[in-house]
Amino acid sequence: MKRVLLGLLALVLVGSLWGPGRTQPRDNVDTFMRAKLLHSQKVLEGLTVEDFGMIAKHSQEMSLLSQAAAWNVLQTPEYAQHSGEFRRSADALTKAALAKNLDGAALAYVDVTLKCVNCHRYVRSVRMAQAEPPASIRLGARALPAGHLTSEVSP
Ligand code: HEC
């Protein structure tokens with residue numbers, strides 16, 4: 001019984017990371033998205049050893065990633081806004097690193113991290129809304145427009 005409960009808990013936790021709706025081919029998106037995590041970890045490393053070059057290099061990489069086509073998983077004004085805010089935070093981090101301002105860079109890193117969390121929360125909420133509801137309650141419900149996800153329309 002305990003094991004079943006633990007298993008259920010694990011499922012809920014895994015499910016809550018991204019929620020339902022992971023149906024598209026995802027390999028390239030996953031690799032691309034995970035690069036953000038690697039760069040943010042490198043920034044943290046740079047902060048701890050006070051290596052400003054390392055911080056600036058990886059915050060710039062994060063900013064560049066956010067300008068790539070693959071970044072635009074959703075095409076909504078909100079997603080564009082989250083992307084813009086993320087980029088501005090990453091650029092502020094680069095600036096602080098180039099100015100060799102350790103406190104400023106540490107604060108900017110926290111700010112970047114908040115932007116990661118905010119955008120992910122937004123993406124999850126959209127995914128939840130897109131999850132197929134049962135036919136009985138689908139009637140009359142307003143679905144999001146088809147092709148809302150670029151990864152659904154691209155080959
Ligand atoms: C503007 C929105 C946005 C921002 C900002 C953002 N992400 Fe993401 N992230 C996404 C989307 C969209 C996905 C893909 C989700 C999906 O398709 O299921 C994703 C996926 C990921 C994944 C892969 C998760 C998985 O399912 O394997 C990781 C890891 C990740 N992001 C880390 C980060 C980190 C770290 C940051 C900040 C440095 C960040 N993200 C900032 C939108 C964003």
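## Helix packing and the ligand shell

Q: Is the crossing in which helix 2 passes helix 3 left-handed or right-handed?
A: Helix 2 passes helix 3 in a left-handed crossing; that is, the near helix is turned anticlockwise from the far one by less than a right angle, clockwise being right-handed. Helices here are DSSP runs of H or I with at least four residues, numbered from the N terminus. The model is predicted, with local features needing pLDDT of at least 70 and side-chain atom pairs pLDDT 80 or more, while totals for chains, interfaces and linings use all residues. Residues are numbered from 1 along each chain as its sequence is written, and side-chain values use heavy atoms, without hydrogens and water.

Q: What describes two packed helices?
A: The angle between their axes and the distance between the axes. Axes are lines fitted to C-alpha atoms over the stretch in contact, and angles run from 0 to 180 degrees between N-to-C directions. For helix 2 and helix 3 (residues 52-65), the angle is about 160° and the axes are 8 Å apart. The two are therefore roughly antiparallel, a word used for angles over 145 degrees.

Q: Which residues of helix 3 make the contact with helix 2?
A: Contact means heavy atoms within 4.5 Å. Helix 3 supplies Met-54, Ile-55, His-58, Ser-59, Glu-61, Met-62 and Leu-65, facing residues of helix 2 that include Phe-32, Lys-36 and Leu-47.

Q: How does helix 2 (residues 27-49) meet helix 5 (residues 102-130)?
A: Their axes come within 10 Å and cross at roughly 160°. This pair is therefore also roughly antiparallel, and the crossing is left-handed. Lys-36, Ser-40, Val-43, Leu-44 and Leu-47 of helix 2 contact Leu-102, Ala-105, Ala-106, Tyr-109 and His-120 of helix 5. By class, these are seven nonpolar, two polar and one charged. Nonpolar covers Ala, Val, Leu, Ile, Met, Phe, Trp, Tyr, Cys and Pro; charged covers Asp, Glu, Lys and Arg; the others, Gly among them, are polar.

Q: How many residues surround the ligand, and which are closest?
A: A residue counts as near if one of its heavy atoms lies within 4 Å. There are 21, the closest being Lys-36, Cys-116, Cys-119, His-120 and Arg-127. The shell divides into eleven nonpolar, four polar and six charged residues, and helix 5 gives the largest share, six residues.

Q: Which atom of the ligand is 2.5 Å from the side chain of Lys-36?
A: A polar contact is a pair of N or O atoms within 3.5 Å. At Lys-36, a ligand nitrogen is 2.5 Å from a side-chain N or O atom. A ligand oxygen is 2.8 Å from such an atom of Arg-127, and an oxygen is 3.3 Å from one of Arg-34. Helix 2, helix 4 (77-98) and helix 5 are the elements giving two or more residues to the shell.

Note on methods: Parallel < 35°, antiparallel > 145°, perpendicular 65-115°, else oblique. Polar contact = N/O pair within 3.5 Å; in protein donor to acceptor, adjacent residues only side chain to side chain.
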